Amino acid sequence: MRRSSGRHTPGPRHAEAREIVFDFLEGYDLLGAFWVTVQLTLLSAVGSLVWGTMLAAMRVSPVPLMRGFGTAYVNIVRNIPLTVIILFTSLGLSQTLGVTMGAADNFDTQNFRLAVLGLILYTSAFVCEALRSGINTVPVGQAEAARAIGLSFTQVLTLVVLPQAIRSVVGPMANVLIALTKNTTVAAAIGVTEAALLMKKMIENEAQLILISAVFAFGYVCLTLPTGLIMGWVGKKVAVKR
Amino acid sequence: MTEVSVAKDDVPATGDLVVLKSVNKHFGALHVLQDIDLTITRGEVVVVIGPSGSGKSTLCRAINRLETIDSGDISIDGKPLPQEGKALARLRADVGMVFQSFNLFAHKTVLENVMLGQIKVRKADKKVAEDKARALLDRVGVATQADKYPAQLSGGQQQRVAIARALAMDPKVMLFDEPTSALDPEMINEVLEVMQQLAREGMTMIVVTHEMGFARSAANRVVFMADGRIVEEAVPDQFFSNPRSDRAKDFLSKILHH
Ligand SMILES: Nc1ncnc2c1ncn2[C@@H]1O[C@H](COP(=O)(O)OP(=O)(O)O)[C@@H](O)[C@H]1O
Ligand SMILES: [Mg+2]
């Protein structure tokens, strides 16, 4: 086998070197683990955007009971460590109260769903607050004009206020989603086989601590960096001019 | 063939359209509306004038219940103002409001601004709403701006769009709260002309303004407010040339020779 050893074509010697250096990856389903992380992130993101928006609506609602619930929820949930919330979904909801999330016979699925639930409960408090700060940037005149043409409270919120509020919080929302991506590591606490759990296992079994950490750090950056870049671009694109 | 007249403008319906009876309102300790009695008949144009802080805006806002009142009654077309909910929203749709700061929906195009209420409140078909919106924009002279966003328009153009947006709901009465106060001088007339046109067509209007030219040419009546009270009511010529109260004399001398 003859090959020119150009700078851009990895020769057999390079391949060999790579094999030795990345040896420790063998036998581990790295992509699979990160795929679980992606799934955790995406499902929790959708859930917390929906629930967080509903919480924000409650916090600006004219009904005192709703406002009270929204405020209490946010202030309680965002002050509890995520680990405690995730453990609560597992130990409290599942093992004590018997909530199985529709997967009584499959522990992996059940834990995955409980982790998503915990992440949603937690992240939605931050989504709510980001949105609420966005609502505060919308001039009151916008809501008044909307009320004046006869729109109901829900219509004012969904057609006029929230669309403008969301546009102004794309940046802060990117922070919430990036934090969420990293927070999925906590799901390892209840045995969800996502990237952080795999990392723990690998560190226990292999010698290359720094390399392992670097590979995982790189994996997380690959997930979060595009979020920040894309949402930064979207944020500029959809900004409301006044 | 007999001519069937359906246009409401042809038959000037009479009767009281907006009635306020001993209306009181406080902001904390401030008694901002004090025993306001005011009746506006169908087709009438009333100009409300008075020093800053006298309660003119609050009066306007109370009429479509953007502001609640503490006591008294307000009724529109014989129906008392509903408390909250669907009925109140319906009533607000019948009362057009034009704000000093335009308040066009910043995330929607000019055309969408004029279509929104028709579709979401009046449940109009999209095509019908668009045709009507374009006709109204044409009427206020901004048809060519239909696809722009509010921030791309001049103040005068924005205010005319705001008038079109209110007219799109076929309101029974239009409230204007200092519609030209935020405008550069050269844009005031284009807005006043649209309002004058509306007045000629028989629209019932309550206009808070210090534009005396408009009051003289378009108003049936001037209502002078000071410190939360209606101090004087008169036809425009009489009010401007021969005010009765000292407060009005004082006020007019200030706005006439500034
Ligand atoms: N939301 C409010 N809260 C407290 N005070 C208010 C509020 N709105 C208006 N006021 C006060 O009520 C008075 C009348 O205001 P306004 O109706 O805006 O007067 P005008 O339009 O005649 O200038 C002013 O003294 C103003 O400061
Ligand atoms: Mg005012």
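My entries below go from the overall build of one chain to the interface and then to a few single residues.

**Entry 1: chain A as a whole**

I noted before anything else that this is a predicted model. I then went through the elements of chain A and found 10 helices and 0 strands. Read from the N terminus, the order is α-α-α-α-α-α-α-α-α-α, which made for a quick line in my notes.

Next I looked at burial and contacts within the chain. Of the 242 residues of chain A, 42% count as buried. I kept to contacts in chain A between residues at least 6 apart in sequence, and 76% of these join residues at least 24 apart.

**Entry 2: where chain A meets chain B**

I turned to the interface. On the chain A side 19 residues are in contact, and they meet 24 residues of chain B. The area buried between the two chains is about 1800 Å², and carbon and sulfur atoms give 62% of that. Which three residues of chain A supply more of its buried area than any other three? They are A:R147, A:A148 and A:I149, with 32% of the area that chain A buries against chain B.

I then checked the polar side of things. The rule finds 7 residue pairs in polar contact across the interface of chain A and chain B, with both residues at pLDDT 80 or more. It also finds 1 salt bridge there. I looked up the side chains of A:E144 and B:R61, which meet in a salt bridge at 2.6 Å, N to O.

Which helices of chain A each supply at least two residues of the side that touches chain B? I wrote down helix 6 (140-148) and helix 7 (153-168). Helix 6 gives the most to that side of chain A, with 7 residues. By class, I have 9 nonpolar, 5 polar and 5 charged residues on the side of chain A that touches chain B.

**Entry 3: two positive phi values in chain B**

B:D77 has a phi near 55°, a positive value in a residue other than glycine. I found B:D77 in the loop between strand 4 (71-76) and strand 5 (79-80) of chain B. Its relative accessibility is 24%, so B:D77 counts as partly exposed.

The other is B:E178, with a positive phi near 45°. B:E178 lies in the loop between strand 7 (173-177) and helix 6 (185-200) of chain B. Is B:E178 buried or exposed? With a relative accessible area of 19%, B:E178 is buried, because the cut-off for buried is under 20%.

**Entry 4: a serine in a loop**

My last stop was B:S245, in the loop between helix 8 (236-241) and helix 9 (246-256) of chain B. B:S245 counts as buried, at 15% relative accessibility. Which residues does B:S245 touch, not counting those up to four places away in sequence? I listed B:F224, B:V231 and B:E232.

Note on methods:
Residues are numbered from 1 along each chain as its sequence is written. Chains are lettered from A and ligands numbered from 1 in the order in which they are written. This is a predicted model: local features need pLDDT of at least 70, side-chain atom pairs count only at pLDDT 80 or more; totals for chains, interfaces and linings use all residues. Side-chain values use heavy atoms; hydrogens and water are left out. Helices (H or I, at least four residues) and strands (E, at least two) are DSSP runs, numbered from the N terminus. Buried means under 20% relative accessible area, exposed over 50%, partly exposed in between (1.4 Å probe, protein chains only). Contact means heavy atoms within 4.5 Å. Buried area is the accessible area (1.4 Å probe) that two parts lose on being put together, summed over both. A salt bridge is a side-chain nitrogen of Lys or Arg within 4 Å of a carboxyl oxygen of Asp or Glu. A polar contact is a pair of N or O atoms within 3.5 Å; within protein, one must be able to donate a hydrogen and the other to accept it, and residues adjacent in sequence count only if both atoms are side-chain atoms. Ala, Val, Leu, Ile, Met, Phe, Trp, Tyr, Cys and Pro count as nonpolar, Asp, Glu, Lys and Arg as charged, and the others, Gly among them, as polar.
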